[in-house]
Amino acid sequence: MASIGAGFAGGRATPAGDARDLCDFVPPTSRSYLRPDVSFFDEDDEPRTRAPRPRRASGRDVSADTQTIRVRQAAAAIGLIVVLLLLVFVVKSCQSSAKENALKDYNREVATIANGSSREVGAEFFRLLGNGGSESPQDLQTAISSFRVQADQQLKQAEGLSVPDEMRGAHQSLLTALEWRRDGLDYVAQRIRTALGDSGDAADEAIKQIAGQMQVFLASDVAYGTRVRPAIKSALDDAEIGGQEIATSVFLPSQDWLQPDVVAQQLGQQLSAGSGRDSGEPTGPGLHGTNIDSVSYGDTILQPGTPNQLTYAADSTFSVKFTNGGDNDEFDVKVTVRIQGGSGEPITLTDTIDRIAPKAAATANLALEESPPLGAAVTIRVRVAPVPGEEKTDNNEAEYQGIFAEG
């Protein structure tokens with residue numbers, strides 16, 4: 001203790017008895033460091049505080065808190081239900097809108113295909129057949145084949161449509177109708193040259209087959225009109241979709257085309273009376289063939305390469321003189337005169353020579369029973385149908401230019 005006292009005396013000796021005074025000399029603020037019941041970091045001058053005792057909740061407060069929680073839970077549940085209902089409504093609205101758009105789109109796409117089939121293919125095909133006598137058999141076959149290609153493209157377009165479930169029945173009937181039209185065109189294209197290029201039974205049979213194929217075109221119209229349109233309308237009505245136009249599609253312009261004689265007339269041909277022979281075969285060995293000698297209208301002999309001035313009268317007649325240059329009798333030889341020009345429809349005249357002897361001449365008289373275009377340039381095409389076994393046919397046709405005036 002003497003050394004400690006000496007240290008605090010600044011080097012001056014301090015009596016041992018003064019050690020108590022040294023302790024008393026410690027500043028009051030530092031005495032706390034020497035007290036065992038006080039933390040080193042506590043200050044004597046900070047007042048001591050006691051933690052308040054938590055207040056015990058009453059029964060009324062507990063009940064109020066429970067009711068508040070339940071109200072909040074109910075409100076949250078109601079809010080969740082409202083949100084779910086809104087989501088369901090939005091989803092159903094979107095689904096309903098998508099379904100409506102799908103039905104409308106299908107109806108619109110079918111209308112485009114159906115209109116193209118009837119107007120761009122059907123109408124043009126029958127217009128071409130009506131002018132068949134003015135076209136060469138090969139050109140007519142090529143043109144009909146091109147319509148067949150268009151019909152096949154329309155069928156493929158229909159096969160690629162997105163079809164709503166409600167339109168499945170209508171779609172199957174649509175494909176059937178389009179397929180019938182395509183196949184019918186192919187059938188006619190394969191037989192048109194025979195119908196125009198041969199005489200006798202072979203031509204008659206081809207014409208009858210073409211007329212029979214018109215039944216297929218009629219069936220396609222029936223399928224579309226009784227199956228496709230009603231099914232589309234039913235699906236739209238069930239979905240409560242109004243204001244939609246459902247297209248019609250008529251391929252066959254008239255049921256008159258079902259008659260072979262009408263088909264023959266439109267092609268510039270005439271069905272033979274028939275003699276029981278197979279006129280598709282040559283009548284005998286040797287040379288076969290005819291050639292046009294002259295064509296006259298009334299008293300005027302037509303001249304090629306120059307406008308022929310002609311006077312129309314009610315009893316006017318074309319006379320076509322031709323010769324059988326072959327070695328055999330020829331039967332049922334068809335002669336056609338076709339007048340085309342002006343703003344009206346072509347006029348087709350036909351006659352049939354029942355029999356012509358070898359090296360003999362014959363004259364076909366064709367009455368002009370309706371008025372041709374007056375004052376307008378017209379083309380007059382004359383054709384003597386080739387006989388079976390005939391190889392040279394360029395002298396079987398003639399073409400003239402003319403202008404008719406009223407008599």
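Which residues do ring pairs link into a cluster? They are F125, F126, F217, F251 and W257. The model is predicted.

## Aromatic pairs

The count comes to 8 aromatic pairs. One of them joins F125 and F217. Its geometry is edge-to-face, with 5.9 Å centre to centre and 65° between the planes. This pair links distant parts of the chain. F125 sits in helix 3 (residues 59-130) and F217 in helix 6 (residues 200-238), 92 residues apart. Both F125 and F217 are buried.

Y297 and F318 also form an aromatic pair, this one tilted. Their ring centres are 4.8 Å apart, and the planes make an angle of 50°. Here too, distant parts of the chain are linked: Y297 belongs to strand 1 and F318 to strand 4, 21 residues apart. Y297 counts as buried because its relative accessible area is 4%. F318 is buried as well, because its value is 0%.

Strands of a sheet pair through backbone hydrogen bonds.

Strand 1 (residues 290-297) and strand 4 (residues 317-324) run antiparallel and are joined by 7 bridges. Within this pairing, T290 stands opposite N324 of strand 4.

## A charge over a ring

R191 lies over the face of Y187. The distance from the ring centre is 3.5 Å.

Definitions and conventions:
Residues numbered from 1 in each chain as written. Predicted model: local features only at pLDDT ≥ 70, side-chain atom pairs only at ≥ 80, totals over all residues. Heavy atoms only, no water. Pairing = 2+ DSSP bridges. Helix = DSSP H or I, 4+ residues; strand = E, 2+ residues; numbered from the N terminus. Phe/Tyr/Trp six-rings, centres within 6.5 Å; stacked < 30°, edge-to-face > 60°. Buried < 20%, exposed > 50% of the residue type's maximum accessible area, 1.4 Å probe, protein only. Lys NZ or Arg CZ within 6 Å of the ring centre and 35° of its normal.
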